[in-house]
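Okay, thanks everyone, let's get going. Have a look at the model on the screen, and I'll talk through helices, rings and charges.

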Amino acid sequence: MDAVVKKLLHESGETFAEEAGIPLKDQPAALFKLLVLANLLSARISSEIALAAARELFDAGGGTARGMTKLTWQERVDALGRGHYVRYDESTASRLGDMAEMVQDKYQGDLRRLAIDAGRDPKKAADLLQEFPGVGPTGVDIFCREAQAIWPWLRPYVDDQVKKGAERLGLPTDTDKLASQVPDKDLARLTAALVRVARDKKLAEHMKAA
């Protein structure tokens, strides 16, 4: 394994889901939490604030589709506020409620059904994910980048942010060549680390000094 890649995984290879306290498992609650996180990270807001807001929502009982629908709009706003997700709190509280209702109605609260409906095809999955309020192309990238840890049929999922990070470090930007740098099980960790590099020039410089 390339020395830079090894350093990347060792120092910045925690997935965003893991950072938010979400165990990446092919289970309804974990997948719903990941969808919430993708929604929150899609906004023009720091990842630290989005992660904090996600943790507050989960602590308040919004860690499943059913739990999120049971929270009142004000309870969702308050949880977002405690995570300092204040600029978008009211619209996001509404979107999260609508999103949870759709997960309940269309997938009986279980996003594994989305994988089945998509025929385990990444493009079809992207289309279905974008039906959720607040999930656009950016949200799809975030969800799929992390979900490839548990849904092997998404691999290799390498989006533009990941390629930007790879370019900064002189790593291959070709999807297959970049993916070949690590075992399949570490792809989600590698892509998370490269997104951090894409957003942080100081981190990029530090990694290049491997």
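**Helices, rings and charges**

Let's begin with α3, which is mostly covered: 11 of its 14 residues are buried. Buried here means under 20% relative accessible area, with exposed over 50% and partly exposed in between, using a 1.4 Å probe and protein chains only. Helices are DSSP runs of H or I with at least four residues, numbered from the N terminus.

Quick caveats: this is a predicted model, so local features need pLDDT of at least 70 and side-chain atom pairs count only at pLDDT 80 or more, while totals for chains, interfaces and linings use all residues. Residues are numbered from 1 along each chain as its sequence is written, and side-chain values use heavy atoms, with hydrogens and water left out.

Back to α3, residues 28–41. Its buried residues include Leu-31, Phe-32, Leu-34 and Leu-35, and Asn-39 is also one of them. What span should the 14 residues of α3 have? At 1.5 Å a residue they should span 20 Å, and the end C-alpha atoms are 20 Å apart, so that agrees. The expected span, by the way, is 1.5 Å times one less than the number of residues.

Now α1, residues 3–12. Its buried residues are Val-4, Val-5, Lys-7, Leu-8, Leu-9 and Ser-12. Among what covers them are α13 (187–199) and α14 (201–208), where contact means heavy atoms within 4.5 Å.

On to the rings. How many aromatic pairs does a search of the whole structure find? Four. Rings of Phe, Tyr and Trp (the six-membered ring for Trp) pair if their centres lie within 6.5 Å; planes under 30 degrees apart are stacked, over 60 edge-to-face, and the rest tilted. Tyr-107 and Phe-132 make a tilted pair, at 6.1 Å centre to centre and 55° between the planes. That pair links distant parts of the chain, 25 residues apart: Tyr-107 is in α7 (89–107), and Phe-132 is in the loop between α9 (122–129) and α10 (137–147). Tyr-107 has 0% relative accessibility, so it counts as buried. Phe-132 counts as buried too, at 2%. Then there's Trp-151 with Trp-153: centres 5.2 Å apart and planes at 25°, so this pair is stacked.

Last, the charges. The structure holds eight salt bridges, meaning a side-chain nitrogen of Lys or Arg within 4 Å of a carboxyl oxygen of Asp or Glu. Which residue does Arg-196 meet in a salt bridge? That would be Glu-19, at 2.8 Å, N to O. The pair links α13 with α2 (residues 16–19), 177 residues apart. Arg-196 is buried, at 16% relative accessible area, whereas Glu-19 is partly exposed at 29%. Arg-196 also lies over the face of Phe-16, 4.3 Å from the ring centre. For a charge to sit over a ring, NZ of Lys or CZ of Arg has to be within 6 Å of the ring centre and within 35 degrees of the ring normal.

Asp-159 and Arg-145 meet in a salt bridge as well, at 2.9 Å, N to O, and both residues are buried. Finally, Lys-185, Asp-186 and Arg-189 are linked in a network of salt bridges.

Key. Helices (H or I, at least four residues) and strands (E, at least two) are DSSP runs, numbered from the N terminus.
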